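Subject: Structure for your review

Dear colleague,

Please find below the structure that I am handing over to you. My notes on its side-chain contacts follow.

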Amino acid sequence: MAVSRPWRRRAALVVALLAVPAAGMVPAQAAGPLAPVAPGLSRLLSTVTGATGVTALVHAGDVATAERAARAAGLTKITSFGKIGVVAVRGTADQVRAVREAAGVTYVEGNEKLEAHGSTGTAATRSLQTQAQLKDAGGAPVDGRGVSVAIIDTGVDPTHPAFKGADGKTRVVRSLKSLCLDGTATNCIVDVPTSVDTDTLSLGGHGTHVTGIAAGNQLTLTDGTKVGGSAPGSKIVSLSTGAALLVLGTDAALNWVLENHKAPCGAGVAASVCPPIKVTNNSYGPSGGGTFDPNSATVKLQRALAAEGVVTVWANGNDGGDGSANLSNPPGQDQTPGVLSVASFNDQGTGTRDGTVSDFSSRGLETDQASWPDVSAPGENILSSCRPTQPICTQGLQPKNGPGLLDLATYNVISGTSMAAPQITGIVAQLFQVAPDASPGDIEAAIKGTAYKFANGSPYVAAGPYTSSFDKGTGLVDTFAAAKSLGAQG
């Protein structure tokens, strides 16, 4: 088995507008209709003097025409894109204005400053809106309070600002490490102090990032960026597989949850301090998907968990596909109510709900609905908790500092269905807060029955009581609608 990949990097492309010396007088141009200009360049040209240096892209029907027009306007060629009829140039603002009049020019755009977009995903899922606008039966904000989430992963840094409670203590109420090499016994799962970072080995950082997506605090970083997970009011139980890299001991971790979910900190600890576990997150699986095995220990465990009121969430995998083969994570294909498999959605870093299915997100077999993911959630370019010393987190190219002045590179962007699954895990905690007596099947029905039908990807078709698709399941999770369907007030 392999950790759900790719944590794909989106390089931050920052191209400054270049100032260059004026290149002399602008040659006279024949009067004619002006070629359209890109909005960003239009704004720039409206605010600068004629001698200001500008870099631009000149479009025409062919590259020779574009280059000829640029020369006639006195612009200096930087490079050209022969197959699409575009030449990159530098010159003055007046020269760029003049090239719009040249014969054959069809469009002129600026050398815009671009940024790689990353988001927390909570806007697209409407989890953040739910936290802000809805209340549970007792009048509390719907942020997952009264619920513990169990994260089976590489571990967690419990001292990270993402997990600091209002009382100054970590919200990681139980930290465990799996030393199991086989089987499902739990005597090889040992306690670790909740002050110790268990996320430091070969893939260190994955678990901390995942945990932040599910349950990280709502914070503002030093550059003004807002971060936070789906259930910042929840408590966290971390089960670290450490050096086993989520390959061995995960069944033992699921079995520990099965045996301890009602009182994860022990029978003598009040639920107000350490609430019952209501959901497990599993962002791992075999590469290439595979056939569902109802006889596996994993499936038996998650079915037993569902029978005892615990939802199991799986990342659907990062093998892409086109529906011609089943590439979905095997245990996530379980049709037992309360077992959810999550595809990755790209919210374009803007929080849009009309984004796209991530190209890396595993598809099920088009002709086998049981292999399809259940629902989609943002998993591409997700900004969450990190440390610069954690190997996985160094793969992200948008390190951000904060919230404190000494909190350096505490957040970064990573992609994968590993990031999509914990969005749902935290949302499940929110829904159990609204409906504490709901069954796992009730929670699944609320999520799938209210999912937003974004258009990208394969068409939705009838699939039992829902419409679904082999690439994105029933659509993008809508936390607000799901919570309202379960009785949230607001």
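Is Phe-454 buried or exposed? Phe-454 counts as buried, because its relative accessibility is 0% and the cut-off for buried is under 20%. Please bear in mind throughout that this is a predicted model.

Aromatic pairs

The count of aromatic pairs comes to two. In one of them, the ring centres of Tyr-284 and Trp-314 lie 5.3 Å apart with the planes at 75°, so this pair is edge-to-face. Tyr-284 belongs to strand E13 (residues 284-285) and Trp-314 to strand E14 (residues 311-315); the pair thus links distant parts of the chain, 30 residues apart. Both Tyr-284 and Trp-314 are buried.

Phe-454 takes part in an aromatic pair with Phe-345: the ring centres are 4.8 Å apart and the planes stand at 70°, so the arrangement is edge-to-face. Phe-345 is in strand E15 (residues 339-346), whereas Phe-454 is in the loop between helix H9 (440-449) and strand E20 (461-463), so the pair ties together parts that are 109 residues apart in sequence. Phe-345 also counts as buried, at 0% relative accessibility.

Charges over a ring

Two lysine contacts involve the ring of Tyr-460. Lys-453 lies over the face of Tyr-460, at 4.7 Å from the ring centre. Lys-472 likewise lies over the face of Tyr-460, at 4.5 Å from the ring centre.

Helix H5

Helix H5 (residues 206-215) is mostly covered, with ten of its ten residues buried. Among these buried residues are His-206, His-209, Val-210 and Ile-213.

Salt bridges

The count of salt bridges comes to twelve. I describe some of them here.

Arg-174 and Asp-191 meet through their side chains in a salt bridge, at 2.7 Å from N to O. Arg-174 is in strand E7 (residues 172-178) and Asp-191 is in strand E8 (residues 189-192), so this contact ties together parts that are 17 residues apart in sequence. Arg-174 counts as buried at 18% relative accessibility, while Asp-191 is partly exposed, with a relative accessible area of 48%.

A salt bridge also joins the side chains of Arg-303 and Asp-334 (3.1 Å, N to O). This pair links distant parts of the chain, 31 residues apart: Arg-303 is in helix H7 (residues 297-307) and Asp-334 is in the loop between E14 and E15. Arg-303 counts as partly exposed at 34% relative accessibility, whereas Asp-334 counts as buried at 2%.

Asp-478 forms a salt bridge with Arg-353, and their closest N and O atoms are 3.1 Å apart. Here the partners are 125 residues apart, and the pair links distant parts of the chain: Asp-478 is in the loop between strand E21 (466-468) and helix H10 (479-485), and Arg-353 is in the loop between E15 and strand E16 (356-357). Asp-478 counts as buried at 7% relative accessibility, and Arg-353 counts as buried at 18%. Which residues do salt bridges with shared partners join into one network? Arg-126, Arg-353 and Asp-478 are joined in this way.

With kind regards

Definitions and conventions
Residues are numbered from 1 along each chain as its sequence is written. This is a predicted model: local features need pLDDT of at least 70, side-chain atom pairs count only at pLDDT 80 or more; totals for chains, interfaces and linings use all residues. Side-chain values use heavy atoms; hydrogens and water are left out. Rings of Phe, Tyr and Trp (its six-membered ring) pair if their centres lie within 6.5 Å; planes under 30 degrees apart count as stacked, over 60 as edge-to-face and the rest as tilted. Helices (H or I, at least four residues) and strands (E, at least two) are DSSP runs, numbered from the N terminus. Buried means under 20% relative accessible area, exposed over 50%, partly exposed in between (1.4 Å probe, protein chains only). A charge sits over a ring if NZ of Lys or CZ of Arg is within 6 Å of the ring centre and within 35 degrees of the ring normal. A salt bridge is a side-chain nitrogen of Lys or Arg within 4 Å of a carboxyl oxygen of Asp or Glu.
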